[in-house]
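Trainee: Could you go through this one with me? I'd like to start with the strands and then move on to charges and backbone.

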Amino acid sequence: QVQLVESGGGLVQPGGSLRLSCVASGTIFRIKAMAWYRQVPGKQREWVAGITRDGITNYADSVKGRFTISRDNAKTTVYLQMDSLKPEDTAVYYCNTNPASVSYWGQGTQVTVSS
């Protein structure tokens, strides 16, 4: 069965940084484009950043220039480096394939940006 485990969230002040990690099953990671998503209570889940199997990246306009997605094939891990964080970035962050697969959603990791 597939498994995606997110970690690295926490409480940070505006302007601060966090680095999220997502450990994926080897098979999925090897063949699939991956992405980070986020969700605020009462709102639709939002696509944040994606990375292809070959390492090509793209970003939502709201995070462009502040977030960096990367992947480590040897560790079957995808990362999200978040800099210059804003209160509007507060959400539960999830990783999944790109586009997402319903059966792959994990527990997510909470990111709270507040002074």
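Predicted model: local features only at pLDDT ≥ 70, side-chain atom pairs only at ≥ 80, totals over all residues.

Trainee: In what order do the strands of the open sheet come?

Mentor: The open sheet is built from 4 strands in the order 1-3-8-7, and the pairing is antiparallel.

Trainee: Which strands stand at the edges?

Mentor: Those are strand 1 (4-7) and strand 7 (67-72), and because each has a single partner strand, one side of each is left without a neighbour in the sheet. As for the angle, neighbouring strands of this sheet are turned by 15 degrees against each other on average, direction ignored.

Trainee: How many bridges join strand 3 to strand 8?

Mentor: There are 6 bridges between strand 3 (residues 18-24) and strand 8 (residues 77-82), and these two strands run antiparallel. Within that pairing, L18 stands opposite M82 in strand 8.

Trainee: Switching to charges, how many salt bridges are there?

Mentor: The count comes to 4 salt bridges. One of them links R66 and D89, whose side chains meet at 2.8 Å, N to O. R66 lies in the loop between strand 6 (57-59) and strand 7, while D89 lies in the loop between strand 8 and strand 9 (91-97), so the pair ties together parts that are 23 residues apart in sequence.

Trainee: Are R66 and D89 buried or exposed?

Mentor: Both R66 and D89 are buried, and salt bridges that share partners join R38, E46, R66 and D89 into one network. R38 counts as buried at 6% relative accessibility, whereas E46 counts as partly exposed at 31%.

Trainee: And what does K64 form a salt bridge with?

Mentor: K64 pairs with D61, the closest N and O atoms being 3.0 Å apart, and D61 counts as exposed at 65% relative accessibility.

Trainee: Now the backbone: which residues does a cis peptide bond join?

Mentor: A cis peptide bond joins N98 and P99, with omega about 0 degrees, and P99 sits in the loop between strand 9 and strand 10 (109-113).

Definitions and conventions. Residues numbered from 1 in each chain as written. Heavy atoms only, no water. Pairing = 2+ DSSP bridges. Axes fitted to C-alpha atoms, helices over the stretch in contact; angles between N-to-C directions. Buried < 20%, exposed > 50% of the residue type's maximum accessible area, 1.4 Å probe, protein only.
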